[in-house]
Amino acid sequence: MTAGRARQRQPQRKRMHLAVRFPGAGSATVWADPRAGSRTDFASFRHLAATAERGLFDFFLLSEGPRPREHKGRIHDLDAVGRPEPVTVLSALAAVTERIGLAAAVGTAFHEPYELARRLASLDHLSGGRAAWNVVTSSDDAFLGANFRRGGGLDRADPYARAGEFVATARELWDSWTPGGVPRPFAHHGRHFSVSGTFDVARGPQGRPVVIQAGDSGEEREFAASAADVILTGHGSLEAGQALYADVKGRLAAYGRRPEELKVMQGVTFVLGDTDAEAQENAAEIRKQQVSPQKALFAAERVWGRDLSGHDPDGPLPTVDPDPAVADSLAVAARWRAVAEAKGLSLRQTVIEVTGRQSFIGAPASVAAQLDEYVTAGAADGFVLVPHLVPGGLDEFADRVVPLLQERGAFRTEYAGATLREHLGLPLPVWKG
Amino acid sequence: MPAPIRPLHLAVSIDRPGVRDAESYVRAARLAERGRLDFVTLGDTLGPPRRGESRLDALAVLARVAPATRRIGLVPTVTTTHTEPFHVADAVSTLDQVSNGRAGWTAEVSATEAEARHFGRRAPAPADALWREAAAVADVAARLWDSWEDDAEIRDAATGRFIDRDKLHRVDFEGPGWSVRGPSAAPRPPQGRPVTAVDATRLPPREAAARHADVIYLRTGPTPAPGAVRAARDDLHARMRALGRDPGRVVFLASLPVALYAAADAVALADLAGSWWADGVVDGFHFRPRDPDRDLALLVDGTVPVLQHRGLLRSFYPGGTLREHLCLPRPANRYATAATAGRTA
């Protein structure tokens with residue numbers, strides 16, 4: 001900390017932003033480990049958020065729980081499903097944290113702007129200006145729609161139209177009060193929403209909650225450039241990151257925005273060890289935990305489109321051909337077979353090999369250097385870390401990597417401001433009336 | 001002091017129009033908790049601001065209060081007309097989760113044109129229709145809370161299964177103009193089912209209250225007369241018996257506006273509460289302070305000690321959950337069958 005403080009007086013080098021995402025139900029999560037705790041108790045959310053705050057992170061991100069997947073007509077039982085509602089959890093976390101941003105990933109498909117804007121504005125007040133909304137555009141409308149009034153059947157040709165109009169409407173509501181605290185009527189009449197009246201939550205400490213958009217596609221980048229404060233992207237090579245970063249930042253001028261008004265953050269995983277070699281061993285062990293024999297079979301069944309329940313996951317890949325009706329099945333199976341043959345791998349080892357390797361693996365100093373390189377080389381403004389364990393999966397990063405980042409001058413040594421906008425270096429939105 | 005056989009239940013509104021800082025609500029809830037009240041309520045509406053005053057989402061406020069309190073029940077108003085039934089159930093379940101079993105909700109409807117315009121989905125409807133829908137929302141919420149059996153999460157490393165799929169259930173509920181498939185996104189909340197409250201003073205909510213409420217408020221004016229409250233209660237008792245529900249399993253609270261200026265007022269309120277309770281008019285009271293700071297302090301430091309001294313009110317929380325405060329059992333899960341129960345035995 002002291003070293004970092006001394007460096008503050010030197011010319012400012014580019015500092016990264018860090019966030020943590022509560023891991024999802026799917027393949028990255030390890031639950032069959034003695035250190036894996038509850039994924040639903042408030043104590044687990046509190047632990048992870050408190051660790052992130054101890055590490056001076058920008059924000060804690062929590063997603064809506066998915067509808068449990070179904071496979072072969074039954075509820076899939078391998079996923080770590082079960083998730084409380086994020087805005088409510090974050091409102092409670094506002095009581096036990098002081099500085100860290102509180103971001104809810106909530107879809108636009110089955111909410112209404114008035115209701116969601118109101119809940120997020122409430123969170124912003126209750127947290128003293130730390131609220132954020134990760135706008136989620138659902139890709140599985142019919143399946144999720146079975147739980148909602150509207151049902152499925154949203155226009156699939158343009159899934160971003162509703163999301164874009166939703167965000168615009170939410171902004172109109174957030175902007176409808178004057179900074180002096182006087183409510184003004186709003187009216188929005190568009191293709192997806194036709195609403196009018198008077199919003200009942202005063203303008204929040206951040207002006208508006210921070211808006212986060214996830215995704216790498218051209219549409220998603222454009223949407224982020226037009227409307228988001230943070231874009232959350234995938235992780236790839238340094239060069240790919242640089243290309244995406246330049247592309248996204250280049251889109252801002254068309255909307256009258258400066259490059260620093262949209263932060264590019266990569267969603268990443270990490271594995272630490274005392275040495276790089278130990279970290280690699282840990283990473284391999286975690287991959288085995290993530291891909292249980294049953295999960296390996298399930299992954300193969302999804303590709304093959306066939307019931308493989310009698311198949312040995314520690315034996316070779318199925319010799320039968322996949323169901324050609326499953327999209328890309330032949331190509332994917334061929335790729336898997338090539339990998340398995342070249343390296344002499346079992347079915348489970350093949351799935352481990354071809355899916356989801358961790359983004360950053362190494363001793364704390366190596367991971368700190370890699371993260372810093374991505375930021376200084378212009379591939380990202382920061383990272384959203386996804387630990388594989390709840391609730392302690394970020395402890396080691398906060399204790400061992402953050403101090404090294406601070407020593408390098410690559411990360412803050414204290415929270416300079418109170419609001420999430422301040423942490424992210426985003427300007428307070430100008431009230432347009 | 002022995003706990004009374006038939007305890008008097010007390011709740012208080014912590015509505016603070018125009019207040020946006022969390023600490024005011026936390027202070028009020030802590031004060032009520034010091035008085036060992038069963039729960040606090042916070043009103044809400046999706047309508048425009050009243051007198052230009054800002055309002056916050058009540059459920060979010062009480063979620064913010066939850067970690068700052070330990071025992072007191074937290075009961076926000078949640079409206080059913082424009083919000084998705086699935087989201088109503090999800091948010092209330094989560095309030096129960098973050099408060100370790102202290103959540104309830106007061107079901108309310110949105111009948112005004114102004115609220116309808118905020119959503120732009122449907123025209124305003126008559127109160128009777130809205131309350132039929134509210135009853136359906138309360139029904140599906142209870143089903144969604146049951147849609148995960150208590151021990152559905154098994155984490156069986158040997159078979160790789162995180163959940164026992166036989167203990168997750170579709171609800172396949174058909175409401176008026178909508179349906180919900182289920183199961184819930186979240187596991188069964190700590191209380192099994194958070195407490196459902198309904199203000200059944202007027203006629204339209206009575207059937208919904210008779211079917212689904214655990215707590216019923218009956219509002220009175222500033223000069224409360226027991227006759228109207230008794231009549232409403234008798235009507236609700238009759239409706240419950242017709243539905244096969246035991247009225248003894250529902251907590252009836254007279255909801256009174258209070259304005260306490262001095263210690264004598266606090267004692268007078270204790271006298272009133274004691275006599276209504278002794279006459280069997282209601283099981284307790286929901287106080288609605290006119291001045292949140294002044295009235296709540298006198299209530300807790302004046303009225304409560306008098307009632308405790310008279311042996312009508314407990315002086316500690318014997319339980320941890322709101323259901324326990326209200327002497328309501330944790331409901332059995334409607335989907336738990338002998339087959340699944342036997343399989344784990």
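1. Domains of chain A. The domain assignment of chain A gives domain 1 (2-274 + 358-424) and domain 2 (292-354); such bounds come from an automatic or database domain assignment. The structure is a predicted model, in which local features need pLDDT of at least 70 and side-chain atom pairs count only at pLDDT 80 or more, while totals for chains, interfaces and linings use all residues. Residues are numbered from 1 along each chain as its sequence is written, and chains are lettered from A and ligands numbered from 1 in the order in which they are written.

2. Contact between the two domains. The C-alpha centres of domain 1 of chain A and domain 2 of chain A are 34 Å apart. Their contact takes 4 residues from domain 1 of chain A and 4 residues from domain 2 of chain A. Two residues are in contact if their C-beta atoms, placed from the backbone, lie within 7 Å. On the side of domain 1 of chain A that touches domain 2 of chain A, there are 1 nonpolar, 2 polar and 1 charged residues. In this division, Ala, Val, Leu, Ile, Met, Phe, Trp, Tyr, Cys and Pro count as nonpolar, Asp, Glu, Lys and Arg as charged, and the others, Gly among them, as polar.

3. Contact between the chains. Chain A gives 57 residues to the contact and chain B gives 51 residues. On the side of chain A that touches chain B, the elements that give two or more residues are β4 (74-75), α3 (86-96), α4 (113-126), β8 (194-197) and α10 (293-304) of chain A. Helices (H or I, at least four residues) and strands (E, at least two) are DSSP runs, numbered from the N terminus. The residues on this side of chain A divide into 29 nonpolar, 14 polar and 14 charged.

4. The largest nonpolar core. The largest nonpolar core has 230 residues, and those with the most contacts inside it are A:F60, A:L102, A:I212, B:A32, B:V40 and B:I216. Helix α5 (residues 127-146) of chain B gives the largest share of this core, 11 residues. Because domain 1 (2-274 + 358-424) and domain 2 (292-354) of chain A both give residues to this core, it lies between them. A nonpolar core is a set of buried Ala, Val, Leu, Ile, Met, Phe, Trp, Tyr and Cys residues joined through C-beta atoms within 7 Å. A residue is buried if 20 or more other C-beta atoms lie within 10 Å of its own, exposed if 12 or fewer, and partly exposed in between, with C-beta atoms placed from the backbone. In soluble globular proteins, nonpolar side chains tend to be buried together. Not counting residues up to four places away in sequence, B:V40 touches B:A11, B:V12, B:I14, B:A29, B:A32, B:I72, B:L74 and B:V75.

5. Overall form of chain B. Chain B has 11 helices and 12 strands. Its radius of gyration is 20 Å, close to the 20 Å that the globule rule gives for 345 residues, so chain B is as compact as a globular protein of that length. The radius is taken over C-alpha atoms, and the globule rule is 2.2 Å times the number of residues to the power 0.38. Along its principal axes, the C-alpha trace of chain B spans about 65 × 50 × 45 Å. Buried residues make up 54% of the 345 residues in chain B.

6. According to the UniProt record (unreviewed entry), the annotation "binding site" covers A:Y160 and A:S217. UniProt positions are given in the numbering used here, feature names are shortened, and annotations may be inferred rather than shown by experiment. The two residues are spread over 58 residues of sequence, yet they cluster in space, with a largest C-alpha distance of 11.5 Å. A:Y160 is in helix α6 (residues 159-174) of chain A and is partly exposed, with 19 other C-beta atoms within 10 Å. A:S217 lies in the loop between β9 (210-214) and α7 (218-227) of chain A and counts as exposed, with 9 C-beta neighbours inside 10 Å.

7. B:D44 is in the loop between β2 (39-42) and α2 (58-65) of chain B; with 23 C-beta neighbours inside 10 Å, B:D44 counts as buried. B:T77 lies in strand β3 (residues 73-79) of chain B and is partly exposed, with 19 other C-beta atoms within 10 Å.
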